Amino acid sequence: MVRHGLTTLCVAAMLVCTAQEETPFIGKGLLRGSGAISPGFLLDAATTSIYVNAKLEYFMEERISFRGEGFWYVDSQQDVSPIARNSQLAFGPFYHWVHGRLDLALGMEAGIALTQPAIPIIAIYDPDPLRVLPNVAACAGLTFAVWDYFHFFLDARYVHARYTGSHIGTIPLDEVIVSGGLGWQFRLLR
């Protein structure tokens, strides 16, 4: 996945060098969306979670947008994972630095996660319940508009969350989720 992200970043950099348009492409009234399969790397466990995610972003001002994201937990790449479910929804504002068709964005998102720890191999207790947990994320993204309706993107987000009250104690769910690919965009306002 890292190789895929670096390849996307190199392609975006080459396209920036050949871009003819110097006026900012983003602006008030732009709506962007995307979908991807994204890995999430748990920081306190050697586990890689796999998510299907969707993102929708609306620009309220020239450099300020509001983004909503959903992450559906599919599974872990490892046989033993500390979590059985961890789907998430998050919303928050972003600030954008723009150069032509290249856009660097930083933002914060508040959200909720529907989380359940995995059942241990030797279960002496009932399974921990499925809970709605609050979470917060710091996000960064790089976007390059290749055409009026499509863009390449590369996003990274650090998510902070905790599952408390488990039979084994508090379970830290801090993770870094990365995604990249092709997205769509169109202007709702001119």
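Let's start at Tyr163: apart from its neighbours within four places in sequence, Tyr163 is in contact with Thr115, Pro117, Asp128, Pro129, Arg131, Leu133, Gly169, Thr170, Ile171 and Leu173, where contact means heavy atoms within 4.5 Å. The model you are looking at is predicted, so local features need pLDDT of at least 70 and side-chain atom pairs count only at pLDDT 80 or more, while totals for chains, interfaces and linings use all residues. Residues are numbered from 1 along each chain as its sequence is written, and side-chain values use heavy atoms, with hydrogens and water left out.

Now for the aromatic rings. The structure holds six aromatic pairs, and rings of Phe, Tyr and Trp (its six-membered ring) pair if their centres lie within 6.5 Å; planes under 30 degrees apart count as stacked, over 60 as edge-to-face and the rest as tilted. Tyr51 and Phe71 are an edge-to-face pair, 6.0 Å centre to centre with 85° between the planes. Because Tyr51 lies in strand E2 (residues 48–59) and Phe71 in strand E3, this pair ties together parts that are 20 residues apart in sequence. Tyr51 is buried, at 0% relative accessible area, and Phe71 is buried at 4%; buried means under 20% relative accessible area, exposed over 50%, and partly exposed in between (1.4 Å probe, protein chains only). Trp147 and Tyr149 make another edge-to-face pair, with 5.1 Å between centres and 75° between planes. Trp147 is partly exposed at 47%, and Tyr149 is partly exposed at 42%.

Let's finish with Glu109, which sits in strand E5 (residues 102–117). Is Glu109 buried or exposed? Glu109 is buried, with a relative accessible area of 1%. Its side chain makes a polar contact with the side chain of Arg157 (2.6 Å). A polar contact is a pair of N or O atoms within 3.5 Å; within protein, one must be able to donate a hydrogen and the other to accept it, and residues adjacent in sequence count only if both atoms are side-chain atoms.

How values were computed. Helix = DSSP H or I, 4+ residues; strand = E, 2+ residues; numbered from the N terminus.
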